[in-house]
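This report covers a predicted model.

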Amino acid sequence: MAMISQLAVQGAQMLVVLLLAPLLIGFVRKVKARLVRRQGPSLIQPYRDLVRLMRKEVVLADNASWLFRVTPYLIFAATWVAAALVPTFATGLEFSWTADLIVIVALLGSARFFQALAGMDVGTSFGGLGASREVMIASLAEPAMLLIVFSLALLAGATQLSTVAAFMGSPEVGLRVSLGMSLIALVIVAIAENGRIPVDNPATHLELTMVHEAMILEYSGRHLAMIELATFLKLLLYMSLISCVFLPWGLDSGGTGPKSLAIGVAAYLSKLTVLAILLAVFETAVAKMRVFRVPDFLGAALMLALLGTLLLFVSRSL
């Protein structure tokens, strides 16, 4: 009976992640519109956009290969699995042993690899431009992410998210400079990986500045819907990761009852709301940087993550 309840909670977590991702994007857009005194789109507008795209016919280029057709489904599957692995409102579930930080990084890296290949597959100049910029960003973001994982592993003794969340929620952690560095580095990586301002502007199609949009210009219909939904899931994934690792309060430990689950869901939604508001305020307050300044931005994340790891290593050696 306990296994059935845990499987049900695991399935509910996967479903919540899938259904909540478009609402998160809609909420961020709404807050940004309100900050500049505009009405803004409805909160459910991303759902309408996805339904509209699913109803449209797929238009493919004549020279598109099988890779171009399969990539949207691969990206969506890899991103959904990675997002579902991150504990949202409960930990210690039946498949919590698969929620490993290195596995999540590998899944996101696989999705990025196929997306870059699909961007170059048709042979358009925009696709190659976007793919080259995406790989440039990934060459700095992925090492920074791995250093963040190593720093958490040095501190918690594991890369499994349930173990990390339990350790970070314990009183023995305290205030650490290394954790502050890791948090800032993770925020920078999340902004870059999701193509948010100041690295990229998801609301523009200006060919001189776009990164993510350049790789998906040739997609339409349900293929574009899959990629857009994967983009929504990726933002939710990073926000869930920040809330799970650095704000682990309110997480249900698994199988403790409906009341604890309800508290976990309420705490998770509250943390997402706060993070979404902070993201909207940040994007409204800053301007998009030039493309050649992005390596400096990500280089700061890489150095912060490296310094945090070195501080933890030295403190453990002493």
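## Surface patch

Ile277 sits in helix H10, which covers residues 258-285. With a relative accessible area of 35%, Ile277 is partly exposed. Together with Leu35, Val36 and Val281, Ile277 makes a nonpolar surface patch of about 300 Å².

## Helix H11

Helix H11 runs over residues 294-317 and has 24 residues. At 1.5 Å a residue the helix should span 34 Å, and its end C-alpha atoms are 35 Å apart, which agrees.

The buried residues of H11 are Val294, Phe297, Leu298, Ala301, Ala305, Gly308, Thr309 and Leu312. These buried residues pack against helix H5 (125-156) and helix H7 (177-193).

## Leu229 in helix H9

Leu229 belongs to helix H9 (residues 221-245). Its relative accessible area is 11%; the cut-off for buried is under 20%, so Leu229 counts as buried. Apart from neighbours within four places in sequence, Leu229 is in contact with Leu18, Pro22, Leu50 and Phe76. Leu229 and Ala300 are 71 residues apart in sequence, and their C-alpha atoms are 30 Å apart in space.

## Salt bridges at Glu283

The structure holds 8 salt bridges. One of them pairs Glu283 with Lys32, with 2.9 Å between the closest N and O atoms. Glu283 lies in helix H10 and Lys32 in helix H1 (residues 2-35), so this pair ties together parts that are 251 residues apart in sequence. Glu283 is buried, at a relative accessible area of 4%.

Glu283 also forms a salt bridge with Arg196, the closest N and O atoms being 2.7 Å apart. Arg196 is in the loop between H7 and helix H8 (212-215), while Glu283 is in helix H10, so the pair ties together parts that are 87 residues apart in sequence. Both Arg196 and Glu283 are buried.

## Network around Arg112

A network of salt bridges links Arg112, Glu134, Glu142, Glu193 and Lys234. Within it, the side chains of Glu142 and Arg112 meet at 2.3 Å, N to O. Glu142 in helix H5 and Arg112 in helix H4 (residues 101-121) are 30 residues apart, and the pair links distant parts of the chain. Arg112 counts as buried at 7% relative accessibility, whereas Glu142 is partly exposed, with a relative accessible area of 27%.

Glu134 is likewise found in helix H5 and is buried, with a relative accessible area of 10%. Leaving aside neighbours within four places in sequence, Glu134 is in contact with Arg112, Val211 and Met215.

Terms used:
Residues numbered from 1 in each chain as written. Predicted model: local features only at pLDDT ≥ 70, side-chain atom pairs only at ≥ 80, totals over all residues. Heavy atoms only, no water. Patch = residues over 30% accessible without salt bridge, like charges linked within 9 Å, V, L, I, M, F, W, Y side chains within 5 Å. Areas by Shrake-Rupley, 256 points an atom, 1.4 Å probe, with all protein chains shown as cover. Salt bridge = Lys/Arg side-chain N within 4 Å of Asp/Glu carboxyl O. Helix = DSSP H or I, 4+ residues; strand = E, 2+ residues; numbered from the N terminus. Buried < 20%, exposed > 50% of the residue type's maximum accessible area, 1.4 Å probe, protein only. Expected span 1.5 Å × (residues − 1). Contact = heavy atoms within 4.5 Å.
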